[in-house]
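Try each task by eye first, then check the solution.

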Amino acid sequence: MNEILKLDGIGLSYHTSQGEIHALENISFNVEKGEFIAIIGPSGCGKTSVLSIIAGLLKASSGKVIFNGKELTKPDNSIGYMLQRDELFPWRTIEKNAVLPLVIKRDKEPIKRKNVEELLKKYGLWDFRNSYPDQLSGGMRQRAALIRTLACSPELLLLDEPFSALDYQTRLSVCDDVYSIIKNENKTAVLVTHDISEAIAMADRIVVLGKRPSKVVNMHILDTDKSLSPLKRREGPEFGKWFEHIWRELSNENQ
């Protein structure tokens with residue numbers, strides 16, 4: 001595998017009325033092409049800030065982000081960002097929501113429009129292309145949001161707790177859907193989540209962050225069966241072992 005992303009000594013500080021806050025300190029890890037990485041840590045430790053720095057939306061106070069061998073200094077079209085909520089525009093149809101990134105970028109290449117159509121067909125949304133978001137289930141809306149993120153054919157996907165707004169039953173199903181799409185499309189992904197089970201079920205590796213100022217306290221290579229769906233992985237013998245181990249790590253960080 002080839003390295004697609006490297007965080008090298010990332011630090012983040014910002015000023016408030018109470019003084020300077022040190023949020024991140026010396027965050028370093030790499031991501032290989034085709035990997036699915038999960039980042040977990042205590043609440044408020046700066047997990048989303050790490051994604052925002054990778055996306056070029058937030059400037060690190062120190063360190064650098066290397067993407068495809070070059071230092072990243074601004075947002076890159078090869079990086080897609082999927083937010084906590086689907087953020088579909090209620091007045092646009094599913095198809096018009098899905099092609100929105102192309103509209104914003106004034107990208108009129110027929111092949112990219114065709115690609116969005118193919119994704120809608122492939123993942124069960126073509127028959128609903130003229131429907132509006134409020135006519136779809138939460139799971140279908142999340143699928144549509146992912147297809148919209150894929151519209152510009154990004155190499156790297158950043159997922160910021162994309163299932164947190166869903167009820168538990170839907171969440172399990174949508175995890176499978178999203179994971180399947182990412183793997184079928186051969187994408188590399190970095191997921192931020194507070195859900196230990198979700199991280200174990202979906203990731204190849206888990207980056208554990210500590211409390212603020214946040215550092216990488218551990219990196220786990222998971223020995224779960226990658227040929228299984230996230231839902232099936234939860235049934236594996238390794239799942240409980242990993243859950244207890246990581247839960248204890250996070251409990252120690254929260255003390």
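This is a predicted model: local features need pLDDT of at least 70, side-chain atom pairs count only at pLDDT 80 or more; totals for chains, interfaces and linings use all residues.

Residues are numbered from 1 along each chain as its sequence is written, and side-chain values use heavy atoms, leaving out hydrogens and water.

**Exercise 1. Work out whether strand β3 is enclosed or open, and which strands it pairs with.**

Step 1: find the strand. Helices (H or I, at least four residues) and strands (E, at least two) are DSSP runs, numbered from the N terminus. β3 covers residues 36-40.

Step 2: check burial. Buried means under 20% relative accessible area, exposed over 50%, and partly exposed in between (1.4 Å probe, protein chains only). Five of the five residues in β3 are buried, so the rest of the structure largely encloses the strand.

Step 3: Strands pair if DSSP finds at least two bridges between them. β3 runs parallel to β8 (residues 188-192) over four bridges, with F36 opposite A189. β3 also pairs in the parallel sense with β9 (residues 205-209), again over four bridges, and here A38 stands opposite I206.

**Exercise 2. Find which members of the largest nonpolar core touch the most others.**

Step 1: define the core. A nonpolar core is a set of buried Ala, Val, Leu, Ile, Met, Phe, Trp, Tyr and Cys residues joined through side-chain atoms within 4.5 Å.

Step 2: The largest core has 48 residues, and F36 and I206 touch the most other members.

Step 3: list some neighbours. Contact means heavy atoms within 4.5 Å. Step 4: look elsewhere. Apart from that core lies another, of 29 residues, with L5, I27, V50 and I54 among them.

**Exercise 3. Sort out the open sheet: what is its strand order, and which strands are at the edges?**

Step 1: read the order. The four strands run β2-β1-β4-β5, with antiparallel pairing.

Step 2: spot the edges. β2 (19-32) and β5 (70-71) each pair on one side only.

Step 3: zoom in on one pairing. β1 (residues 3-16) is joined to β2 by 10 bridges, and L12 stands opposite L24.

Step 4: Helix α1 (residues 47-54) lies across β1, β2 and β4 (62-67), at about 120° to β1. Axes here are lines fitted to C-alpha atoms, for helices over the stretch in contact, and angles run from 0 to 180 degrees between N-to-C directions.

**Exercise 4. Find the aromatic pairs and the charges that sit over a ring.**

Step 1: set the cut-offs. Rings of Phe, Tyr and Trp (its six-membered ring) pair if their centres lie within 6.5 Å; planes under 30 degrees apart are stacked, over 60 edge-to-face, and the rest tilted.

Step 2: count. There are two aromatic pairs. F36 and Y179 make a tilted one, 5.8 Å centre to centre with 40° between the planes. Because F36 lies in β3 and Y179 in helix α6 (residues 168-184), this pair ties together parts 143 residues apart in sequence. F89 and W91 are stacked, at 4.8 Å and 20°.

Step 3: F36 has 0% relative accessibility, so F36 is buried, and Y179 is buried at 7%. F89 is partly exposed at 33%, while W91 is exposed at 60%.

Step 4: look for charges. A charge sits over a ring if NZ of Lys or CZ of Arg is within 6 Å of the ring centre and within 35 degrees of the ring normal. K121 lies over the face of W126 at 4.8 Å from the ring centre, and R129 lies over the face of W126 at 4.0 Å.
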